[in-house]
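Biologist: I have a structure open and would like to learn how to read its features. Can you take me through them one by one?

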Amino acid sequence: MGNDVDPLEDAENLIAAGRAGEAAALLGRHIAQGRGGVLTRLTLARALLLAGKTTEALEMSRETAQLYPGVAGAALALGETLLAAGKLPLAIAEFQRALRVDPHLAKAAFLLGCAWLEAGEPDWALREFARIPDYEPANLLVARVAEAESLKAAARSNPRYVRHLFDQFSIDYDERMIGQLSYRAPATLRELAALVLPGRKGLDILDLGCGTGLAGVAFADRAARLDGVDLSPQMIEKARARGVYADLAVADLETFLEEEGCAYDLILAADTLVYLGDLARVFAGAARRLKKDGVFLFTVEKKDGEGFELGPKRRWRHSESYLRETAAAAGLDVTGLIAASPRNEANVPVEGFAVALTALPH
Ligand SMILES: C[S@@+](CC[C@H](N)C(=O)[O-])C[C@H]1O[C@@H](n2cnc3c(N)ncnc32)[C@H](O)[C@@H]1O
């Protein structure tokens with residue numbers, strides 16, 4: 001293939017033939033000679049991305065978006081590259097910028113909707129999808145709308161929303177929780193443990209939604225082995241740095257509990273179950289993974305009356321009657337249930353419960 005006549009066409013042919021690296025080299029040489037416009041640069045960014053050169057692709061699409069601020073396609077391409085690089089908030093900002101430049105750019109609305117889905121915001125995703133009813137390929141839009149609808153209907157927080165939220169929060173989680181919100185769920189669970197597990201040490205402990213490890217630290221002196229699981233890789237990294245956990249897994253706790261693995265004397269969930277509405281699956285999973293006489297200790301926020309509900313801060317609240325019924329259905333005995341506030345909000349203690357469930361003999 002020649003490279004003087006129409007490098008863009010040559011590059012497109014190379015990309016179509018699965019030779020994105022060669023396409024990138026060809027277009028790179030062209031641009032280095034001071035030739036090629038916005039389309040050449042965008043094709044180069046795409047080729048670099050396809051060739052797995054994400055950092056170079058980011059550089060090229062960033063530079064292009066800066067050079068051509070009035071070109072919606074440049075912001076769109078930067079958004080796509082950022083999305084591929086896992087930089088979700090920045091990708092969302094670029095898709096929004098593309099739509100400000102050209103409100104009819106259907107691909108930007110579609111990808112913005114996909115990015116909102118990725119961030120666990122199905123309502124915002126549906127709002128974007130509604131702007132582009134004629135989007136092609138239609139089957140992609142139909143599938144994404146269905147995904148958003150099912151996330152909306154789920155009786156639990158979306159894992160992608162939780163991961164995104166806590167990846168962001170991980171930076172100053174401890175300072176904000178302890179300093180600003182007077183967070184006390186680990187200390188409360190420690191007090192409840194003194195009542196339901198008096199004097200027991202050398203325990204195999206699993207920390208569900210371990211976050212940065214505050215509950216792990218509170219229980220480390222009682223542990224023979226301490227494992228943790230959390231949806232957020234960044235929170236897990238903070239927990240790892242504490243050096244108190246044996247195994248740390250990035251996983252959804254519902255799935256994790258259903259897998260084959262160690263049995264535990266104590267399972268903890270400090271301020272974690274506020275991200276689950278229906279607790280049937282986690283109680284059944286905990287019952288499976290507890291040893292005989294094992295205890296599941298957790299905090300929740302309180303709902304008056306019956307059942308559970310999603311609160312205005314997007315945390316779920318559970319009623320005492322729901323907790324008792326669901327525990328019984330999972331074969332767990334309520335050995336402790338006390339009123340306990342996990343934290344403050346606007347300087348007011350949030351009402352909640354600290355609960356101890358004990359595995360009934362198998
Ligand atoms: C408020 S933080 C509490 C962290 C820690 N337990 C503590 O006491 O500081 C809630 C944690 O639960 C995690 N989480 C929420 N839902 C989860 C799920 N379904 N599976 C695993 N982790 C989850 C979040 O990622 C977050 O790190």
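Modeller: We will go from the overall build to the ligand, the salt bridges and the backbone. This is a predicted model, in which local features need pLDDT of at least 70, side-chain atom pairs count only at pLDDT 80 or more, and totals for chains, interfaces and linings use all residues. Residues are numbered from 1 along each chain as its sequence is written, and side-chain values use heavy atoms, with hydrogens and water left out.

Biologist: How many helices and strands are there in the protein?

Modeller: Start with the rule. Helices (H or I, at least four residues) and strands (E, at least two) are DSSP runs, numbered from the N terminus. Here the protein has 17 helices and eleven strands. Its C-alpha trace spans about 80 × 40 × 40 Å along the principal axes.

Biologist: What share of the residues in the protein is buried?

Modeller: Buried means under 20% relative accessible area, exposed means over 50%, and partly exposed is in between (1.4 Å probe, protein chains only). Of the 362 residues, 49% are buried. Take Asp6 as a worked case. Asp6 sits in the segment before α1 (7-16). Its relative accessible area is 32%, so Asp6 is partly exposed. For a sense of distance, Asp6 and Val142 are 136 residues apart in sequence, and their C-alpha atoms are 37 Å apart in space.

Biologist: Now the ligand. Where does the ligand sit?

Modeller: Pockets are found on a 1 Å grid over the protein atoms alone. A pocket is an open set of points with protein on both sides within 12 Å along at least five of seven lines. A molecule sits in one if more than half of its atoms lie within 2 Å of its grid points. This ligand sits in the largest pocket.

Biologist: How many residues surround the ligand, and which are the closest?

Modeller: A residue is near a molecule if one of its heavy atoms lies within 4 Å of it. There are 21 residues around the ligand, the closest being Tyr173, Tyr183, Gly209, Asp230 and Leu253.

Biologist: Which polar side-chain atom lies 2.7 Å from an oxygen atom of the ligand?

Modeller: A polar contact is a pair of N or O atoms within 3.5 Å. The atom you ask about belongs to Tyr173. In Tyr183, a side-chain N or O atom is 2.5 Å from an oxygen atom of the ligand. Leu231 uses its backbone: an N or O atom there lies 3.2 Å from a nitrogen atom of the ligand. On its own the ligand has 590 Å² of accessible area (Shrake-Rupley method, 1.4 Å probe). The protein covers 100% of that area.

Biologist: On to charges. How many salt bridges does the count give?

Modeller: A salt bridge is a side-chain nitrogen of Lys or Arg within 4 Å of a carboxyl oxygen of Asp or Glu. The count is 34. One of them joins Lys152 and Asp123, at 3.2 Å from N to O. Lys152 lies in helix α9 (residues 138-153) and Asp123 in helix α8 (residues 122-130), so the pair ties together parts 29 residues apart in sequence. Lys152 is partly exposed at 46% relative accessibility, and Asp123 is partly exposed at 46%.

Biologist: Which residue forms a salt bridge with Asp247?

Modeller: Arg225 does, with the closest N and O atoms 3.3 Å apart. This pair links distant parts of the chain, 22 residues apart: Asp247 is in the loop between α14 (233-242) and β3 (248-250), and Arg225 is in strand β2 (residues 223-230). Asp247 is partly exposed at 45%. Arg225 is partly exposed at 27%. Salt bridges also join into a network, which links Arg156, Asp252, Glu254, Glu258 and Arg281.

Biologist: Last, the backbone. Which peptide bond is cis, with omega near 0°?

Modeller: Most residues other than glycine have a negative phi, and most peptide bonds are trans. The bond from Glu136 to Pro137 is cis. Pro137 is in the loop between α8 and α9.

Biologist: Is Asp271, with its positive phi, buried or exposed?

Modeller: Asp271 has a phi of about 60° although it is not a glycine. It lies in the loop between β4 (264-269) and α16 (280-289). At 7% relative accessibility, Asp271 is buried. Ala346 also has a positive phi, about 50°, and is not a glycine. Ala346 is in the loop between β9 (344-345) and β10 (348-349). At 74% relative accessibility, Ala346 is exposed.

Note on methods
A polar contact is a pair of N or O atoms within 3.5 Å; within protein, one must be able to donate a hydrogen and the other to accept it, and residues adjacent in sequence count only if both atoms are side-chain atoms. On a 1 Å grid over the protein atoms alone, a cavity is a set of points where a 1.4 Å probe fits but cannot get out, and a pocket is an open set with protein on both sides within 12 Å along at least five of seven lines; lining residues have an atom within 4 Å of a point.
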